[in-house]
Amino acid sequence: MTSSQILEQSVIINTSSTIVEQCITELHLMHQWLNPVLRCEPVDEIWSTEVGSHSRFIIQVPLLYPTLNVVVVERQPGLIVWGFEGFFQGCDRWECQPLNDHTLLPCTLLINRFEYSIPNPIISWGFNKFALSWTQKDMEAQLQRLKQVAERPH
């Protein structure tokens, strides 16, 4: 049995949790902050973030194009959790928490928690050796890009 690993990042975004959530759940906004090496697409040609909706994340590595199939396993206002199986198994949790800073400006704490295991020991070793630190840095960079998208005037 492979043990789970957890990567968690957070960022404070100076806008409402509703706008932050839209940046996570609306595909055209997601493509503005998602790593350009990743392509996300719906499986059934209609993008949805309702529980049970399927999509896939494709890593744009020529010849390989590793794909992670995901399904929405939990959804409520301010929260979406994608479950996945493939070369990774686990879930990617995005949670928007409104912050009350006693001003009139809305503020949101966005928490991204990536919990996974890699059943194949060779892939696990390779990921831990070569891609883990890149993945952590990429999560931080994605949150900063998402912050920029969410804080733009709408």
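Of the 154 residues in the chain, 40% are buried, where buried means under 20% relative accessible area, exposed over 50% and partly exposed in between (1.4 Å probe, protein chains only). The model is predicted: local features need pLDDT of at least 70, side-chain atom pairs count only at pLDDT 80 or more, and totals for chains, interfaces and linings use all residues. Residues are numbered from 1 along each chain as its sequence is written, and side-chain values use heavy atoms, with hydrogens and water left out.

**Overall fold**

- Three helices and seven strands make up the secondary structure of the chain; helices (H or I, at least four residues) and strands (E, at least two) are DSSP runs, numbered from the N terminus.
- Read from the N terminus, the order of elements is β-α-α-β-β-β-β-β-β-α.
- The radius of gyration is 16 Å, close to the 15 Å from the globule rule for 154 residues, so the chain is as compact as a globular protein of that length. The radius is taken over C-alpha atoms, and the rule is 2.2 Å times the number of residues to the power 0.38.
- Along the principal axes, the C-alpha atoms fill a box of roughly 50 × 35 × 30 Å.
- Take the contacts between residues at least 6 apart in sequence: 50% of them join residues at least 24 apart. Contact means heavy atoms within 4.5 Å.
- The chain exposes about 9,000 Å², with 57% of it supplied by carbon and sulfur atoms. Accessible areas come from the Shrake-Rupley method with a 1.4 Å probe; for residues, only the protein chains shown count as cover.

**Strand 7 and its partners**

- Strand 7 is mostly covered, with nine of its 11 residues buried.
- Strand 1 (residues 5-13) runs antiparallel to strand 7, and nine bridges join them. Two strands pair if DSSP finds at least two bridges between them.
- Within strand 7, F114 stands opposite L7.
- Strand 6 also pairs with strand 7 in the antiparallel sense, over 11 bridges.
- C91 has E115 in strand 7 as its bridge partner.

**Aromatic pairs**

- The whole structure holds eight aromatic pairs. Rings of Phe, Tyr and Trp (its six-membered ring) pair if their centres lie within 6.5 Å; planes under 30 degrees apart count as stacked, over 60 as edge-to-face and the rest as tilted.
- F88 and Y116 form an edge-to-face pair, because their ring centres are 5.3 Å apart and their planes stand at 80 degrees.
- F88 lies in the loop between strand 5 (79-85) and strand 6 (89-99), and Y116 in strand 7 (residues 107-117), so this pair ties together parts 28 residues apart in sequence.
- Both F88 and Y116 are buried.
- Y116 also pairs edge-to-face with F127, at 5.5 Å centre to centre and 75 degrees between the planes.
- F127 lies in helix 3 (residues 121-151) and Y116 in strand 7, so the pair ties together parts 11 residues apart in sequence.
- Y116 has 1% relative accessibility and so counts as buried. F127 has 11% and so counts as buried.
- Ring pairs link F84, F88, F114, Y116 and F127 into a cluster.

**V51, a loop residue**

- V51 sits in the loop between strand 2 (38-42) and strand 3 (54-59).
- Its relative accessibility is 55%, so V51 counts as exposed.
- Leaving out residues up to four places away in sequence, V51 touches V72, V73, E74 and R75.
- V51 and L99 are 48 residues apart in sequence and 26 Å apart in space, C-alpha to C-alpha.
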